[in-house]
Amino acid sequence: MYDVLHDIEYRRKWDANVIETFDIGKLTVNADVGYYSWKCPKPLKNRDVITLRSWLPMGNDYIIMNYSVKHAKYPPKKDLVRAVSIQTGYLIQRTGPTSCTLTYLAQVDPKGSLPKWVVNKSSQFLAPKAMKRISKACLRYPEWKQKHSPGFKPWLFPEQNPLSNIPLSELSIQHAESLENIDESSLSESKDERAEHSDDEGNN
């Protein structure tokens, strides 16, 4: 689970919502800065974030946390809404040789007024679906990793990290009030989204 949540190459394979994701640079052996953009339910605009992420293995527990920062080389894009991660993270607790408990915290400002159907869909449908997707990704990861740089895990072995150092002076905290708000509260769910929702419910 810890490896799957860290492995950016593998995320491009299992995360159906990702548009683009890449690392920008590192601050310390267990902190880096990265970019992530994702698909939102149609017809909403897609979102992106720049985050400072840190991680810490603690025996049988593992923590990954992030929050939004600003970097001059990666300003908001015209075709995306720059969201704000106030505090987002994972707590992984080992419960057995091949089992664990995953706790996911997401305190995010999407920078806009969202329709009620989006809020309901996110809490009742998208979040559980994401947990199932992560669970399946974990089961498939060992086989995938054997074919894709099996020994390369810089989140466990800092000496493998190829990222260049970022001076702290190049970063600042991304405050939500400094970004434009997008009013999407009146948008209706698209037919494609409703159909996809129905198909997924039928498959569960």
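The following exercises, with worked solutions, concern a predicted model.

**Exercise 1.** Identify the residues with the most contacts inside the largest nonpolar core, and state which elements contribute to this core.

*Solution.* 
Step 1. The largest nonpolar core comprises 17 residues, and those with the most contacts inside it are Tyr2, Val4, Leu5 and Tyr10.
Step 2. Two or more residues of this core come from each of helix H1 (2-6), helix H2 (8-14), strand E4 (61-71), strand E6 (84-96) and helix H3 (116-146).
Step 3. The most is given by H3, with five residues.
Step 4. Leaving aside residues up to four places away in sequence, Tyr10 touches Val4, Ala137, Arg140, Tyr141 and Trp144.

**Exercise 2.** Determine whether Arg133 is buried or exposed, and which side chain of opposite charge is nearest.

*Solution.* 
Step 1. Arg133 lies in helix H3.
Step 2. Arg133 is buried, and the nearest side chain of opposite charge is Asp15, 5.0 Å away.
Step 3. A salt bridge requires a separation within 4 Å, and Arg133 has none.

**Exercise 3.** State how many disulfides the structure holds, and examine the sulfur of Cys138.

*Solution.* 
Step 1. The structure holds zero disulfides.
Step 2. The cysteine sulfur closest to that of Cys138 belongs to Cys100 and is 6.5 Å away.
Step 3. A disulfide requires sulfur atoms within 2.5 Å, so the sulfur of Cys138 is too far from that of Cys100 for a bond.
Step 4. Cys40, for its part, is buried, with a relative accessible area of 14%.

How values were computed: Residues numbered from 1 in each chain as written. Predicted model: local features only at pLDDT ≥ 70, side-chain atom pairs only at ≥ 80, totals over all residues. Heavy atoms only, no water. Core = buried A, V, L, I, M, F, W, Y, C linked by side-chain atoms within 4.5 Å. Buried < 20%, exposed > 50% of the residue type's maximum accessible area, 1.4 Å probe, protein only. Helix = DSSP H or I, 4+ residues; strand = E, 2+ residues; numbered from the N terminus. Contact = heavy atoms within 4.5 Å. Lys, Arg positive; Asp, Glu negative; His and termini not counted.
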